[in-house]
Amino acid sequence: MANKAVCIAVLGTGSDVGKSIVTSALCRILVNKGYRVAPFKAQNMSNNSGVTADGLEMGRAQIVQAEAARIAPHVDMNPVLLKPTSDVGSQVVLNGKAWMEASSVSYYEKKDYLFAESCAALDRLRDQYDVIVMEGAGSCAEVNLMANDIVNLRCAAYADAPVILVADIDRGGVFAQIVGTLACLDAAQQEQIKGFVVNRFRGDIKLFQDGIDWIEQKTGKRVYGVLPWYKHFHIEAEDAVVIENAPSYVPAAAGDTAVAVIKLPHISNFNDFDPLMHIPGLHLAYLQQPQDLSAFKAVILPGSKSTCSDLDWLRASGWLDHITVFAENGGHVLGVCGGYQMLGTWVHDPDGIEGRPGSTEGIGLLPVETTLKAPKTTTLTDFSWAGQQGCGYEIHMGQTHLAGGQPLVDVLSRNQEQCQDRDGCVNDNGNVIGTYVHGFFDSPSVTRHWLRLIGLDWLQPEEQLHGPAGRDKAYDQLAEHAAQHLDIEAILELIDTTTSGEQA
């Protein structure tokens, strides 16, 4: 029988310490060395998701890691995806399809079944690749959750994967992060961890050598490297932690040409707008606290995992008035997916998909009405907007009907099947538009057309830094950055000496 892929696990001392970045870096480094490599995360919790070529849904972070590994994303790389809809509940996506709406309690009752499904997905990947880079979730030492954990040490043990523990020095307490994590584990779990990566270092790394020595002496395990903070390239973030507490921003005071994105409480797929970050001369500002919008060139309402709840928040917080005044004065407004639904007159939820059944009045800037209903739409979508072609994806529960205005784009195909359909809406004045298509700005020509629409035709996206091409260049920059500061040969020895690559 063929060899099964060897596995290596990248776990963390906490959330947002850099597990996804280290995993992405290893994927690109390994594929550059000639390995067939794939990422894997048994369970992801994020409202940032994407669609595979066969129309199934998975976490956006594993799509990024698949891109880094130069392979097509597949749901086996993220068999369980939790999409939070409230503080205590989530939609569970299993093997790419919406499976159940679960409270925290009901979800934990399904953990044994979900672990078995995750192991089956990992086994399928191991039959196809040489190396699997596994990513953990949150902290691997949450003692109150470890009995039901399916993604960290339990999963690494199933795969016989050596573990690299990532800690974040920028948030402080890196020594306590590392030693404290080990102290929470039993002897067998401590043995699974082979060493550490210290992430987000600022300053002269030579000054941290005493710290490295202390960690290695205290733990008896090696430090595989210290990754400095980087600003010369950008990798998509896994979740909205990076835009939490978005401050107010006044473009005129900063002398900037700026576009605002409203940071909704249940924001999803905010990385739709990453391509705008790389346009020279344009500032992208995420705004959480209501403020005057008149100095912005455009305002974007992003996707949402809880459209009706976020509509209520817009109304209660005062944002709705600011957005309405902006549009009525000729300001350009774009709504994507849930943001598109919010711009309409009503959002109906007769079956209580998002909570209590009922209807929520929309902002009323587009003549459309939405009814939330199953099944969920998940498609890769090719489209044309005013002759400019793009490729994005749709993930939504609901159908939106136009009572006026005009459709925004022509849909050319969904999930590789040609069609003749329309999507979105443009109001009669042409300054308010909405679409269900995520990844709308991945195409430079589509982005240029939108910039012309909002009066910024003098701004030009750089072809090599935009969308997929820009992401691919960033993966190479990340790999170069990591290879410079990590002991890659020592990490490769972990893979070579593990027993999981023996004959199956």
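A salt bridge is a side-chain nitrogen of Lys or Arg within 4 Å of a carboxyl oxygen of Asp or Glu. This is a predicted model: local features need pLDDT of at least 70, side-chain atom pairs count only at pLDDT 80 or more, and totals for chains, interfaces and linings use all residues. Residues are numbered from 1 along each chain as its sequence is written, and side-chain values use heavy atoms, with hydrogens and water left out.

**Exercise 1.** Work out which parts of the chain the salt bridge of Arg-124 and Asp-76 ties together.

Solution. Step 1: check the contact. The N to O distance between the two side chains, Arg-124 and Asp-76, is 2.8 Å.
Step 1: Helices (H or I, at least four residues) and strands (E, at least two) are DSSP runs, numbered from the N terminus. Arg-124 lies in helix H4 (residues 111-126) and Asp-76 in the loop between H2 and strand S6 (80-84), so the bridge ties together parts 48 residues apart in sequence.
Step 2: classify the surroundings. Buried means under 20% relative accessible area, exposed over 50%, partly exposed in between (1.4 Å probe, protein chains only). Arg-124, at 36%, is partly exposed. Asp-76, at 5%, is buried.

**Exercise 2.** Find how many residues separate Asp-472 and Arg-28, and say which of the two is buried.

Solution. Step 1: the closest N and O atoms of this salt bridge are 2.8 Å apart.
Step 1: Asp-472 is in helix H15 (residues 467-485) and Arg-28 in helix H1 (residues 19-32), 444 residues apart.
Step 2: Arg-28 has 0% relative accessibility and counts as buried. Asp-472 has 32% and is partly exposed.
By the salt-bridge rule, the model's count comes to 23.

**Exercise 3.** Classify the ring pair of Phe-270 and Tyr-286.

Solution. Step 1: recall the rule. Rings of Phe, Tyr and Trp (its six-membered ring) pair if their centres lie within 6.5 Å; planes under 30 degrees apart count as stacked, over 60 as edge-to-face and the rest as tilted. The count is 14 aromatic pairs.
Step 1: apply it. The centres of Phe-270 and Tyr-286 are 6.3 Å apart and the planes stand at 85°, so the pair is edge-to-face.
Step 2: Phe-270 is in the loop between strand S14 (267-268) and helix H10 (274-277), while Tyr-286 is in strand S15 (residues 282-287). Both Phe-270 and Tyr-286 are buried.
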